[in-house]
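Colleague: Could you take me closely through the sheet that draws on both chains, and through the helices that lie against it? I would also welcome a word on the aromatic and charged side chains elsewhere in the model.

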Amino acid sequence: MAQGVFAITEQRDGELRKVSLEAVSEGRRVADGLGADLTAVVLGTGIEGLAEELKKYGPDKIWVVDDPALADYTTDAYTNILSGLIQTADPAVIILGASAQGKDLAGRLAARLDAGVAMDCTAIKLDNGSLTYTRPMFGGKIVADVAIEGALQIVAIRPNVMDITEAAKDSAIEKPAAEVGEVKTAVIQKTMDTGDKIELTEADIIVSGGRGTGGDYAVIEALAAELGAAVGASRSAVDEGWRPHSDQVGQTGKTVSPTLYVACGISGAIQHLAGMSTSKYIVAINKDAEAPIFSKADFGIAGDLFDVVPALTEEVKKVKG
Amino acid sequence: MDIVVLVKQVPDTEALVQIADDGVSIKTQDIKWTMNPYDELAVEEALQIKEAQGGTVTILTLGPDKAIEAIRTALAMGADQGVHINDPAAQGSDSLATAKLLAAALKDIPYDLIIAGHRAVDEDNYQVASAVAELLGIPQVSMVNKAEIAEGKITCHRTVEGGTVVVEASLPALFTTQRGLNEPRYASLPGIMKAKKKPVDVKTVADLGVDAAMVGAANRKVKIKALNLPPERQAVKMIEGEATADKAAALVKILHEETKII
């Protein structure tokens, strides 16, 4: 009978992604609740050090698959290897991050293993040995509780939501036999943002601008820089060509869950609210005191963002001293 | 180049979605339905490839009677034909069952390339396209904002956190769309008139040779236990003050002391 929990980690260029630490930490909680073992799996090449790092989060075992063919993520290679490992170990639950990689992988792996997937979950609840997954749907307008039937359950967790918990263990590091198999895709180039641009889905703080900016993001960027925040945008700002698509927060953009979301000159269209409603604290700044954004905010300032935002930047400077 | 586009009809993103009395589904009446926005990008991309290289564009959807509207919209944009899997037994299928039905239909449709949205903005499952590619045994590339086809290969710019990865795959292949790929065209009036005469093939679960015990709401692996509205926030605290600087100071003080973020 299937038992045990697998946490599939994700690394890029030899660095574990934050969501992987969330997946292993959550995997530890689920495994403890089920009275089962947790195995963390890491794929890549030249990744010996990562196994040591993963010990901090308390897996019972760490499986390392080190192969030059795994230097970059490809759907085929990862699916081939992971499906092989899963068929061998027969775990009951697989946890991975709902990142670009996890979203690409989960459906393929599930089809190969004929398993159900709970995608982009914000909570995992354990009750009498059965798991219920909480996941936003309709871009967050609705929150569903779902359960998965079958011997294997795959759950992809929303980045930046679940806690990272250190619980160091002297985990056994093993290198299971694994076949890369047939690979029909190849990564031929990677272009990563240079400098210290913070990824929206991983940011602790996001300062976002909408139509009210009129396309001038200087004050938004200044506040973001002072806060160490990522800069986001509403759909209308992206449609106007003021910001790249990758900055868009909303139902047809990114869904974000920062600790603090500062919405500047964003009226609060329903599809935007859907993308940021799981933020812990929401601050709204808008000229129109009746704007819908205020109904979803914790704190609001009715005023012109070009006055308010620079004033906030000054105050943040003072506080940070 | 024969291209199949996977399309789904979904509630408009501006629609207010309400939970039905059963507590596990949404009220489908009184809301505006539309083609999934990411699928519009897929249709547009297929049409642009066809215009450049020739071939056919087939629209494949799974849905109830009204889902024909999404097919007609795509045909009005310029697609050639539609296949509509329409069977009460298939209603409420989860992602994997949906993929099995679509993959079964694709056995009878010639294709070199399949294009789909990276997710449907209703259940936000991000799985159907990947599962279809797996069931067909073809490579996939997800969340693509630029695609080029040459010499039996497709080169896709795939968006990932903090950058872009260029992935090459041999055809036949499947890729999913991301915003930035193109600007979908509107259907023209002559296009809408022509669409009415374009062929749409209707398929049942039995036609596709799929076991009815694997599909439909009753056979979901992913069971919806309950739908809830997101927790309401406390009423907004508006920061008042004489001058802007006072309000800013008050807000930063709260964020610093109460929320401990700054």
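Modeller: Contact here means heavy atoms within 4.5 Å. Helices (H or I, at least four residues) and strands (E, at least two) are DSSP runs, numbered from the N terminus, and axes are lines fitted to C-alpha atoms, for helices over the stretch in contact, with angles from 0 to 180 degrees between N-to-C directions. This is a predicted model, in which local features need pLDDT of at least 70 and side-chain atom pairs count only at pLDDT 80 or more, while totals for chains, interfaces and linings use all residues. Residues are numbered from 1 along each chain as its sequence is written, chains are lettered from A and ligands numbered from 1 in the order in which they are written, and side-chain values use heavy atoms, with hydrogens and water left out.

The sheet is open and mixed in its pairing, with 10 strands in the order S13(A)-S9(B)-S8(B)-S7(B)-S10(B)-S6(B)-S1(B)-S4(B)-S5(B)-S11(B); two strands pair if DSSP finds at least two bridges between them. Strand S13 (185-192) of chain A and strand S11 (200-203) of chain B stand at the edges, each with a single partner strand, so one side of each is left without a neighbour in the sheet. On average, neighbouring strands of this sheet are turned by 25° against each other, direction ignored.

Helix H4 (residues 100-113) of chain A lies across strand S7 (140-150) and strand S8 (153-160) of chain B, and runs at about 125° to S8(B). Helix H2 (residues 68-77) of chain B lies across strand S1 (2-7), strand S4 (56-62), S5 and S11 of chain B, running at about 165° to S5(B).

Turning to the side chains, the rings of Phe6(A) and Trp63(A) have their centres 5.5 Å apart and their planes at 80°, so the pair is edge-to-face (ring centres within 6.5 Å, with the six-membered ring used for Trp; planes under 30 degrees apart count as stacked, over 60 as edge-to-face and the rest as tilted). Tyr73(A) and Tyr78(A) also form an edge-to-face pair, at 4.8 Å centre to centre and 65° between the planes. In chain B, Lys66(B) lies over the face of Trp33(B), 3.5 Å from the ring centre, where a charge sits over a ring if NZ of Lys or CZ of Arg is within 6 Å of the ring centre and within 35 degrees of the ring normal.
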